[in-house]
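Thanks for coming, everyone. Let me put the model up.

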Amino acid sequence: MGSSVALKSAGLSDDPMLQWVTFRLENEIYGVNVMQVKEVLRYSEIAPVPGAPSYVLGIIHLRGTVVTVIDTCQRFGLPSGELTDSTRIMILEVEGHVIGILVDAVSEVVYLRQSEIEPSPNVGNDESSKFIQGVCHKNDILLILVDLDKLLSEDEWSEVSN
């Protein structure tokens, strides 16, 4: 109780520090909550799944578990990037589901105070902005924070889970 009061008087408990794993897509920097990242893999062969939705690249086998890999560029409405040595598959746990997202590169873990995060800007297109949780300007870099819970709809989660 005493430490809680001390933290509140210092203003720290009202402004929690959050950790974000940053990745690059089409020259933009995005961040996802570190608590949702299970691991980061080098690009490996992704087996296509006939009849899968267009945003699904396919599946990979990860230590005996089949993981669906999402085409993040397609999902965000961006042109598909080239596969390079920096291309990674981020394995995420979202709403009890484990999925992979293909990204151009994974950068670092950044620490942001809640107060540093600005609400997502109105870009005029609800479809493309619904994945944005907020933005942050840090060290002259615009960081777009992704709300992974909104990456797929409930119906889409059902599709990729079966």
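First, the term. A salt bridge here is a side-chain nitrogen of Lys or Arg within 4 Å of a carboxyl oxygen of Asp or Glu. By that rule, D147 and K150 form one, at 3.7 Å from N to O.

Some ground rules. This is a predicted model, where local features need pLDDT of at least 70, side-chain atom pairs count only at pLDDT 80 or more, and totals for chains, interfaces and linings use all residues. Residues are numbered from 1 along each chain as its sequence is written, and side-chain values use heavy atoms, with hydrogens and water left out.

How many salt bridges does the structure hold? Five. I'll show you some of them, starting with the pair already named.

How exposed are the partners? Buried means under 20% relative accessible area, exposed over 50%, and partly exposed in between, with a 1.4 Å probe and protein chains only. D147 is buried at 15%. K150 is partly exposed at 47%.

Next, R75 and E156. Their side chains meet in a salt bridge at 2.6 Å, N to O. R75 sits in helix α2 (residues 72-76) and E156 in helix α4 (residues 154-161), so the pair ties together parts 81 residues apart in sequence. Helices are DSSP runs of H or I, at least four residues; strands are runs of E, at least two; both are numbered from the N terminus. R75 is buried, at 14% relative accessibility. E156 is buried too, at 16%.

Last pair: E116 and K138, a salt bridge at 3.6 Å, N to O. E116 lies in the loop between β8 (105-113) and α3 (126-129), and K138 in strand β9 (residues 132-138), 22 residues apart. E116 is partly exposed at 30%. K138 is partly exposed at 31%.
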